[in-house]
Amino acid sequence: MIVILLLVVVLYAFSSAKNSKRKVSETEIIFKGEENLFITHEAVSKLLIQNQAGVKNVPKEILDLNQLETALNLNPMIRSAEVFVGVNGKLTAEIEQKKPIARVQNSSPFYIDDQGSFMPLSTNYTARVPIVAGHVDKNNLQNVYKMARKVEEDIFLKKHVTTINQDSDGNISLRLRQCNFEVFVGSLKQLDKKINNLKVFYKKATKENLMDKYSRINLQFDSQVIGTKS
């Protein structure tokens with residue numbers, strides 16, 4: 001029994017040593033989830049090469065996988081990255097991209113992702129998301145993120161909202177697709193109730209063919225929607 005155990009240990013050690021000296025034969029980059037690529041395979045491959053001076057034909061034992069993962073995770077397009085080498089010598093990088101839910105339109109435009117973080121624009125793909133305009137501070141996105149998140153999660157809002165505007169006091173207003181009026185939300189307190197009031201108004205105004213009669217819809221009052229006619 002002891003002889004068999006020793007033999008197993010020796011074979012395992014031999015196999016481990018042989019495996020660690022195996023060279024990286026090829027690389028594979030896998031994007032998880034999102035089909036539209038904001039960062040390309042070529043860009044990820046370049047990051048891998050820059051941080052290991054080329055990864056192909058490098059012995060596995062000297063390849064720093066943590067360094068590669070750190071380099072990928074520092075890219076503002078990437079939410080998470082996992083890098084590993086299989087027993088066949090193939091190096092695999094699994095990439096999860098950030099998901100934009102709004103686009104801030106100012107002198108230096110950028111996306112807000114679904115976790116409320118900054119995400120740069122991509123030259124590879126443009127996301128169809130609501131525009132955020134007005135007074136927006138890159139370092140203080142909490143308010144517009146909350147509104148953008150609500151738009152992303154609500155079927156009605158996602159279908160109709162084209163623009164989220166924030167004024168200097170932090171008040172929010174919306175623009176809807178094929179509507180000439182502004183929807184003034186104000187503060188985001190009791191946001192769910194305000195949006196439900198908007199849905200009731202929209203349904204009624206559409207039914208009665210009154211959509212073109214208003215220039216502004218005010219939702220800041222709890223129990224009613226105030227419409228300003230054109």
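Predicted model: local features only at pLDDT ≥ 70, side-chain atom pairs only at ≥ 80, totals over all residues.
The largest pocket holds about 390 Å³ of space. Its lining comprises 17 residues, of which Ala127, Arg128, Val129, Pro130 and Lys158 are the closest to the pocket centre. Strand β4 (100–104), helix α4 (142–153) and strand β8 (161–166) each contribute at least two residues to this lining. By residue class, nine of the lining residues are nonpolar, two are polar and six are charged.

Six aromatic pairs were found in a search of the whole structure. Phe110 has a relative accessibility of 3% and so counts as buried, the limit being 20%. Phe118, with a relative accessible area of 29%, is partly exposed. Phe156 and Tyr202 form an edge-to-face pair, with 5.2 Å from centre to centre and 80 degrees between the planes. This pair connects distant parts of the chain, since Phe156 belongs to helix α5 (residues 155–160) and Tyr202 to helix α6 (residues 191–207), 46 residues apart. Both Phe156 and Tyr202 are buried. A single aromatic cluster is formed by Phe38, Tyr111 and Tyr125.

Charged groups also lie over aromatic rings. Arg216 is placed over the face of Phe184, at 4.5 Å from the centre of the ring.

Note on methods: Residues numbered from 1 in each chain as written. Heavy atoms only, no water. 1 Å grid on protein atoms, 1.4 Å probe; cavity = no way out; pocket = protein on both sides within 12 Å on 5 of 7 lines; lining within 4 Å. Points joined across faces, edges and corners; volume = space filled by probe spheres on them. Helix = DSSP H or I, 4+ residues; strand = E, 2+ residues; numbered from the N terminus. Nonpolar A, V, L, I, M, F, W, Y, C, P; charged D, E, K, R; others polar. Phe/Tyr/Trp six-rings, centres within 6.5 Å; stacked < 30°, edge-to-face > 60°. Buried < 20%, exposed > 50% of the residue type's maximum accessible area, 1.4 Å probe, protein only. Lys NZ or Arg CZ within 6 Å of the ring centre and 35° of its normal.
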